[in-house]
Amino acid sequence: MQNYDMPQEIASQLSSLSTEQVEAVREYLQELSFLDGDEPEKNSKYLTFMCCAQVFGIGIGQVIQIIRIPPITPLPDCSSYMKGVIAVRDEMIPVMDLRTRLGKDTEVDCNKNCIVIITVQGRSIGMIVDSISNVETILPEEICQPPQQDNCKANYLIGIVKRETVILLVDADHLLTARVFEGVLDLPNIQTMRPIEA
């Protein structure tokens, strides 16, 4: 996207969000404005969001943008938590339902839920969450190690923080299994796609 398109793009996205989501984005942008040239401070910032009645946090360094849920194109032979792809500008972005990934029933409410687009090992991935909460400053000394897991299904959980409520910190790089991630990498950008010849 060219720089001169950015204000119109942001305004368009904000106009489609709920009041609560707009406020969360405003606070998020305000927090970001104080982070220029301050990498340690930036690494202490987390976007928090609700999913399955639990507060989760993800480092803002992994967050690209927040959008309302557009039409999602399903893909065959995908894991149950991979809902399909969406087109965002010149990129086909795979979309994961975090509820399903956590083993819960899907309850998508397009008027409330949203997609957080994150970067996972250099690739953009959409993550459906229940709602956006806030931007929190969380210092390393506040983070407790999560309990040891007997398997790798929950290795995305990297820390637990006690505030007014408990915040579970996740590492997006571990939300997808190796098999699913390999499939995600096979999805081309729109610019690289060629029409099928008859």
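1. Basis. Residues are numbered from 1 along each chain as its sequence is written. In this predicted model, local features need pLDDT of at least 70 and side-chain atom pairs count only at pLDDT 80 or more, while totals for chains, interfaces and linings use all residues; side-chain values use heavy atoms, with hydrogens and water left out.

2. Five strands make up an open sheet with mixed pairing, in the order 8-1-2-10-9. Strands here are DSSP runs of E with at least two residues, helices are runs of H or I with at least four, and both are numbered from the N terminus; two strands pair if DSSP finds at least two bridges between them. Strand 8 (131-137) and strand 9 (157-162) are the edge strands, each pairing on one side only. On average, neighbouring strands of this sheet are turned by 30° against each other, direction ignored.

3. Strand 9 pairs with strand 10 (residues 166-170) in the antiparallel sense, over five bridges. Within this part of the sheet, Leu157 stands opposite Val170 of strand 10.

4. Salt bridge Arg99 to Asp130. Four salt bridges are found in a search of the whole structure, the criterion being a side-chain nitrogen of Lys or Arg within 4 Å of a carboxyl oxygen of Asp or Glu. One of them joins the side chains of Arg99 and Asp130, at 3.1 Å from N to O. Arg99 is in helix 4 (residues 98-101) and Asp130 in the loop between strand 7 and strand 8, so the pair ties together parts 31 residues apart in sequence. Arg99 and Asp130 are both buried; buried means under 20% relative accessible area, exposed over 50%, and partly exposed in between (1.4 Å probe, protein chains only).

5. Salt-bridge network. Glu136, Glu142 and Arg163 are linked in a network of salt bridges. Glu136 meets Arg163 with the closest N and O atoms 2.8 Å apart. This pair links strand 8, which holds Glu136, to the loop between strand 9 and strand 10, which holds Arg163, 27 residues apart. For Arg163 and Glu142, the closest N and O atoms are 3.0 Å apart. Glu142 lies in the loop between strand 8 and strand 9, and Arg163 in the loop between strand 9 and strand 10, so this pair ties together parts 21 residues apart in sequence. Glu136 is partly exposed at 21% relative accessibility, Arg163 is partly exposed at 25%, and Glu142 is partly exposed at 29%.

6. Arg123. This residue is found in strand 7 (residues 123-129) and counts as buried, at 10% relative accessibility. The Arg123 side chain reaches the backbone oxygen of Met92 at 2.7 Å.

7. Cysteines. How many disulfides does the structure hold? There are zero disulfides, a disulfide being a pair of cysteine sulfur atoms within 2.5 Å. The cysteine sulfur closest to that of Cys52 belongs to Cys51, and at 3.9 Å it is too far for a bond. Cys144 is partly exposed, with a relative accessible area of 47%.

How values were computed
Axes fitted to C-alpha atoms, helices over the stretch in contact; angles between N-to-C directions. Polar contact = N/O pair within 3.5 Å; in protein donor to acceptor, adjacent residues only side chain to side chain.
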